[in-house]
Amino acid sequence: MHDHLSQALFMCVLVLAAVAARSMLSSQERTKQARMRDCPVETLQTAANRAVAASEKLGRLGPGWAGHGGFGLRRRAAAEWLESGIPLNRPEGNWVAWTFRGGTAIVKDTRQCAGEIDAFMRALAGPFDPLNDLIEIELQREKERPHGRGIISVGATVISGGRASHYTLGRLDRVATTWLARTYGSDMPIAAELVRLASDGKRYAIELACFMPSREERSQYKL
């Protein structure tokens, strides 16, 4: 009898403890929920507004801004290169490409010829009749400079509507000029075809395909 009474009392204590624990958890949960209701929650719209504000602040700092010591965000406007349409202008004759760099050369010193290059691009943008009009790229060797550093100037002649106009584009890049001078004599005929003409409003990209006579003709004339 005494044992049964002890077990009953023990069971009652366990039940009361469980009820008290559940009540305590419920109270803590209610307190947590109340705090969450009182705490402002940042919504997606709020986050978006903060991002826009941060972007506008960076914009007011101006282009090219950087943080201390050169680190940080930089804002640079991407240059948009406009490619000019190029009509057929390959020189007539039995020409072959230079064996150096696949015959490709770049025109340098274009900034000094900006006005004429702009005029040349406008001329190419006009109506062009391939049967009657003509574009010719001209490579002209200049006099030797000190230390044997020659220059090959690059020009273009456009014949359209019975009128001829000449434009100075710059000079051939130094690497190509040096290769030509070391490999062949100054009497080697050279010609070129315009393969690219582009501008971003401040700079110019001009590429040429450079040619020379075929090997048979070079052997015939001992070039």
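Predicted model: local features only at pLDDT ≥ 70, side-chain atom pairs only at ≥ 80, totals over all residues.

Reader: How many helices and strands are in the chain?

Author: Helices (H or I, at least four residues) and strands (E, at least two) are DSSP runs, numbered from the N terminus. The chain has five helices and eight strands. Their order from the N terminus is α-α-β-β-β-α-β-β-β-α-β-β-α.

Reader: What share of the residues in the chain is buried?

Author: Buried means under 20% relative accessible area, exposed over 50%, and partly exposed in between (1.4 Å probe, protein chains only). Of the 223 residues in the chain, 27% are buried.

Reader: Which residues touch the most other members of the largest nonpolar core?

Author: A nonpolar core is a set of buried Ala, Val, Leu, Ile, Met, Phe, Trp, Tyr and Cys residues joined through side-chain atoms within 4.5 Å. The largest one has 33 residues, and Trp98, Phe120, Leu169, Leu172 and Leu208 touch the most other members. Elements that give two or more residues to this core include strand S3 (104-108), helix H3 (114-125) and strand S8 (204-213). The most, five residues, come from S8.

Reader: With which residues is Leu208 in contact?

Author: Contact means heavy atoms within 4.5 Å. Leaving aside neighbours within four places in sequence, the contacts of Leu208 include Gly103, Val107, Ile137, Leu172 and Leu194. Over the chain, of the contacts between residues at least 6 apart in sequence, 64% join residues at least 24 apart.

Reader: What is the volume of the largest pocket?

Author: On a 1 Å grid over the protein atoms alone, a pocket is an open set of points where a 1.4 Å probe fits, with protein on both sides within 12 Å along at least five of seven lines; lining residues have an atom within 4 Å of a point. Grid points are joined across faces, edges and corners, and a volume is the space filled by probe spheres set on the points. The largest pocket has a volume of about 410 Å³. It is lined by 19 residues, and Asn89, Arg90, Pro91, Leu134 and Ile135 are the closest to its centre. Strand S4 (134-141) gives the largest share of the lining, six residues.

Reader: Where does Ile86 lie, and is this residue buried or partly exposed?

Author: Ile86 lies in the loop between strand S1 (82-83) and strand S2 (95-97). With a relative accessible area of 28%, Ile86 is partly exposed. Beyond neighbours within four places, Ile86 is in contact with Leu194, Val195, Arg196 and Leu197.

Reader: Is the phi of Arg101 positive or negative?

Author: Most residues other than glycine have a negative phi. Arg101, which is not a glycine, has a positive phi of about 55°. Arg101 is in the loop between S2 and S3, and is partly exposed at 40% relative accessibility. Asp109 also has a positive phi, near 55°; its place is in the loop between S3 and H3.

Key. Residues numbered from 1 in each chain as written. Heavy atoms only, no water.
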